[in-house]
Amino acid sequence: MSENTYSPYGDNPGLVKTIAIMTLVNGIFNILWGLGVTTGVVLGTFFIGLICAPVTILPTILGIFEMIYALKLLANPPQPVQPSTSIAILEILCVLAGNVFSMIVGILALVFYNDPQVKEYFARLNGIPYPVAPEAPVPPSPPVTPEPVPAIEPESPAEAAPEPKTPKPKKPGTRKVAAEKSEESEAEADSKSKKDEA
């Protein structure tokens, strides 16, 4: 039977895991690099290089701190740690010892520490409320002043446009019956015929 474990810190963002793995690999590399350079200097100078050993062993010391920090990031449940920009800066300074790989890891770690998800994860991990960036407030629009409407002056009757003609309504009760019409038309026909004869 598998047991579901609940982490109050949520899942690590991918960038946090990337930082942890890069730091762990770089720590191992720095330990080997520091021991290799120190051994080379001491044996190459017939033990006179022991004077330089405190300087050449510095990458080894940094590698030990890197491994401790990376293991804290990878622990389950995660341990409260802060983003270690000082380790990232020391990784960049390892270029002075001829370690270019460490410089690249340091630059990438600094870039990843500035990611909003990574910042939020470290804030949750350490119990610090992460300030959510407020959205840009929308400024209220200025009140709209209506444009003044030009005053309409009464027009003179000459300038007034002619009104459209509307048909006049018929007066009620002026309908003629068909019989009356036929009598009138006969009377008109008779009067015309009399005029023609005369």
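A helix here is a DSSP run of H or I that lasts at least four residues, and helices are numbered from the N terminus. Keep that in mind as you click around this predicted model.

**Stop 1: helix α1.** Select residues 14-44, which make up α1. How far apart are its end C-alpha atoms? They sit 44 Å apart, and that agrees with the 45 Å that 31 residues should span at 1.5 Å a residue.

Now colour the buried residues of α1: V16, I19, A20, M22, T23, N26, G27, N30, I31, G34, T38 and V42. An α-helix has 3.6 residues a turn, so residues three or four places apart point the same way. What do the buried residues of α1 pack against? Their partners are α2 (53-56), α3 (58-74), α4, α5 and α6 (116-125).

Before leaving, click on F46, which follows α1. Its phi is positive, near 55 degrees.

**Stop 2: α1 against α5.** The axes of α1 and α5 come within 10 Å, crossing at roughly 160 degrees. Anything over 145 degrees counts as roughly antiparallel, so that is how α1 and α5 are arranged. The crossing of α1 past α5 is left-handed.

Show side chains next. From α1, pick L15, T18, I19, M22, V25, N26, F29 and N30; they meet F101, S102, V105, L108, A109, F112 and Y113 of α5. Sort the residues of this contact and you get 11 nonpolar, four polar and no charged.

On the α4 side, the contact uses T85, A88, I89, E91 and I92. On the α5 side, look for S102, M103, V105, G106, I107, A109, L110 and Y113. Nine of the residues in this contact are nonpolar, three are polar and one is charged.

**Stop 3: N126.** Finally, select N126, in the loop between α6 and α7 (178-197). Is N126 buried or partly exposed? Its relative accessibility is 23%, so N126 counts as partly exposed; the cut-off for buried is under 20%.

Leaving out residues up to four places away in sequence, N126 touches P80, V81 and Q82. Try the distance tool on V81: it is 45 residues from N126 in sequence, but their C-alpha atoms are 6.8 Å apart in space.

Conventions
Residues numbered from 1 in each chain as written. Predicted model: local features only at pLDDT ≥ 70, side-chain atom pairs only at ≥ 80, totals over all residues. Heavy atoms only, no water. Contact = heavy atoms within 4.5 Å. Helix = DSSP H or I, 4+ residues; strand = E, 2+ residues; numbered from the N terminus. Nonpolar A, V, L, I, M, F, W, Y, C, P; charged D, E, K, R; others polar. Expected span 1.5 Å × (residues − 1). Buried < 20%, exposed > 50% of the residue type's maximum accessible area, 1.4 Å probe, protein only. Axes fitted to C-alpha atoms, helices over the stretch in contact; angles between N-to-C directions. Parallel < 35°, antiparallel > 145°, perpendicular 65-115°, else oblique. Left-handed = near helix turned anticlockwise from the far one by under 90°.
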